[in-house]
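Subject: Structure handover

Hello,

Here is the structure I promised you. Please open it next to this email and follow along.

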Amino acid sequence: MSIRRFALAALASALIAGPLAAAETLLNVSYDPTRELYSEFNAAFNKHWQAQGHDPVTIQQSHGGSGKQARAVIDGLRADVVTLALAGDIDELHRLGKLIPENWQERLPQSSTPYTSTIVFLVRKGNPQGIKDWDDLVKPGVNVITPNPKTSGGARWNFLAAWAYAQQKYGSEAKAQEFVAKLYKNVPVLDTGARGSTITFVNNQIGDVLLAWENEAFLALKEQGGDNFEIVAPSLSILAEPPVAVVDKNVDKKGTRKVAEAYLDYLYSDEGQRLAAKHFYRPRNEAIAGEFAKQFPALKLVTIDRDFDGWKTAQPKFFDDGGVFDQIYQAQ
Amino acid sequence: MSSCTSPVIPGFGLTLGYTLVYLSLLVLIPLGAMFVHAAQLTWADFWAIISAPRVLAALKLSFASAFAAAIINGIIGTLLAWALVRYRFPGRKLIEAMIDLPFALPTAVAGIALTALYAPSGLVGQFATDLGLKIAYTPIGITLALTFVTLPFVVRTIQPVLADIPREVEEAAACLGAKPLQVFRHVLLPSLLPAWLTGFSLAFARGVGEYGSVIFIAGNMPMKTEILPLLIMVKLDQYDYTGATAIGVLMLVVSFILLLLINLLQRQVGKA
């Protein structure tokens, strides 16, 4: 067989096999700590999807810093669904990319947030510094590890939780700013992402307390066998709401809207909620949250929408250039 | 006439055309796009961004630490090249292969490994702490990471030149009464210097732009240990593309001027 005929034959077989092999693929662009959750959820969804008489679907997942991931999608990464750390990042998909409508967050229940988390303290075994609450973090000599809120979505939740605590306890914004300035004086390292901070605290043994996503803290405990660390729940924290959305422009182009919507809906199903809880996210479904009540301590939680007027207000006020976070460092 | 001047191998048009296309696609167009993007800013805005105290602090830190790392590698790298070229010893091939490892290793891995070693509780860092020296999370740590990442440049540029200088030249100088230091100063240095400067400027340029290895060891404290590439990432995370390109342009212009100066210096040295 000549090379040319061989090439033609190969091309022909590729064309015939093409439609069969190109079973639907779905790309879920997510942030760092959801890796384990979605590898298990994808398999569960596929089973559910096929049980309904559909062809199997290939689900790819991509993880990274939440802001970085949003930028990749804006710049052309063909994500079918995004599952990011904060609504502010998904808002940019509308503002900069025109990929989704402005009211995206109203399309799914609970502000498009199927699971939540919160910010807790991870301390070394025996809690040698006796850290119980936010006030203990501003004591001289206590080293606090948290990532840089300018580059990390998780760190913004940390910052706002501390702010909310101080504002409620000391009664004014000025006092709250003083409090967080004192807190960040105790931060020796500002890593760029949540995983970086976990490495600094767990592996490099720096600091007395790590401000962490609850699910990251549980994961660190699980991987380290619970011998080295303890979780401390502060008296007040923030309800961290990592939302999800179908990327309209991409699914319409690829013809994957139906499966993408089913995928996100399934996050709200009993099985999806149980999987979220298994991976240490707090399920939204009350009944299922009840099953895991022992795992998640009851906390007083503020929310971004009620207490901070949403990310559209909080982001420029606290974290953009010249915002509160910059001010506390310029003042030093 | 033409037979004298035209080269033995033809193809000037082809090679030049290829060079231009290649450079355009890989270098000129991306960098040009950056300038175009930054051109959306007025001069006043551009100036406000690049003269912010945080940007200036980062600028100083980035260029100073890259310069320090290039100098360190200029000295140690020359020694390494010397040992590898002039002496035969067991394990030489192994060391030879190890020199290039910093290029092969993902920079993030290098950063994490160096941080683990040099952090206050690390294997090396604990001794440094006893001496009252802090390495990780200080400019020293940043310089250390850059020194690691740019190690191969000077060694690899000096090595072939050194190998080409016959030992006899040194011996002849010695026979004529030159002391070892004089041999080095008057015989070796003039031939090594152009290659050394090339290695130095490569290491310097690479160090200025390095991100992956530095962010882990830097600590990233505003005004203290923030490098310029990190500020670019910070701007991008605020979806401030123009601000990010403004800092990119600043880095590019400063680097270009410095590299141009080094090039001029190299010419002077070559003439002398």
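In what sense do S4(A) and strand S8 (residues 236–240) of chain A pair, and over how many bridges? They pair in the antiparallel sense, over 2 bridges. Before the rest, one caution: this is a predicted model.

**Strand S4 of chain A**

Let me stay with this strand. S4(A) covers residues 115–124. Of its 10 residues, 9 are buried, so the strand is mostly covered. In S8(A), Ala240(A) is the bridge partner of Ser117(A).

S4(A) has other partners. Strand S10 (residues 282–283) of chain A pairs with S4(A), again in the antiparallel sense and over 2 bridges. There, Tyr115(A) has Pro283(A) as its bridge partner. Strand S6 (residues 209–213) of chain A runs antiparallel to S4(A), and 5 bridges join them. Strand S7 (residues 229–232) of chain A is joined to S4(A) by 4 bridges, also antiparallel.

Look at Leu122(A) in particular. Leu210(A) in S6(A) stands opposite Leu122(A). Ile231(A) in S7(A) stands opposite Leu122(A) too.

**Two domains in chain A**

Chain A is divided into two parts. Domain 1 takes in 3–113 + 241–267, and domain 2 takes in 117–240 + 299–330. Their centres, taken over C-alpha atoms, are separated by 31 Å.

How many residues of each domain are in contact with the other? On the domain 1 side there are 14, and on the domain 2 side 17. Two helices of chain A, H3 and H4 (87–95), each supply at least two residues of the domain 1 side. H4(A) gives the most to that side, with 4 residues. The domain 1 side divides into 6 nonpolar, 4 polar and 4 charged residues.

**Pro242 of chain A**

Next, a residue in a loop. Pro242(A) is found between S8 and strand S9 (244–246) of chain A. Is Pro242(A) buried or exposed? Pro242(A) has 28 other C-beta atoms within 10 Å. The cut-off for buried is 20 or more, so Pro242(A) is buried.

Which residues does Pro242(A) touch, leaving aside those up to four places away in sequence? They are Thr83(A), Leu84(A), Ala85(A), Leu86(A) and Thr113(A). Thr113(A) is 129 residues from Pro242(A) along the chain, yet their C-alpha atoms are separated by 6.0 Å.

**Two serines to check**

Most residues other than glycine have a negative phi. Ser111(A) has a positive phi of about 55°. Ser112(A) also has a positive phi, of about 60°. Neither residue is a glycine.

Ser111(A) has 16 C-beta neighbours inside 10 Å, so Ser111(A) counts as partly exposed. Ser112(A) has 21 such neighbours, so Ser112(A) counts as buried.

**Where the chains meet**

21 residues of chain A are in contact with 20 residues of chain B. Helix H3 (66–74) and helix H8 (194–203) of chain A are the elements that give two or more residues to the chain A side. H8(A) gives the most, with 3 residues. The chain A side divides into 7 nonpolar, 8 polar and 6 charged residues.

**Chain B**

Chain B has 15 helices and 0 strands. The C-alpha atoms of chain B fill a box of roughly 65 × 65 × 30 Å along the principal axes. Of the 272 residues in chain B, 34% are buried. Among contacts in chain B with a separation of 6 or more, 78% are between residues 24 or more positions apart.

Helix H2 (residues 12–38) of chain B has 27 residues. At 1.5 Å a residue, H2(B) should span 39 Å. The end C-alpha atoms of H2(B) are 36 Å apart, which agrees. Where does H2(B) bend? The bend is at Ser24(B), by about 50°. H2(B) is hardly covered: the count of buried residues in this helix is 1.

Best wishes

Notes: Residues are numbered from 1 along each chain as its sequence is written. Chains are lettered from A and ligands numbered from 1 in the order in which they are written. This is a predicted model: local features need pLDDT of at least 70, side-chain atom pairs count only at pLDDT 80 or more; totals for chains, interfaces and linings use all residues. Two residues are in contact if their C-beta atoms, placed from the backbone, lie within 7 Å. Ala, Val, Leu, Ile, Met, Phe, Trp, Tyr, Cys and Pro count as nonpolar, Asp, Glu, Lys and Arg as charged, and the others, Gly among them, as polar. The expected span of a helix is 1.5 Å times one less than its number of residues. The bend at a residue is the angle between axes fitted to the seven residues ending there and the seven starting there. A residue is buried if 20 or more other C-beta atoms lie within 10 Å of its own, exposed if 12 or fewer, and partly exposed in between; C-beta atoms are placed from the backbone. Domain bounds come from an automatic or database domain assignment. Two strands pair if DSSP finds at least two bridges between them.
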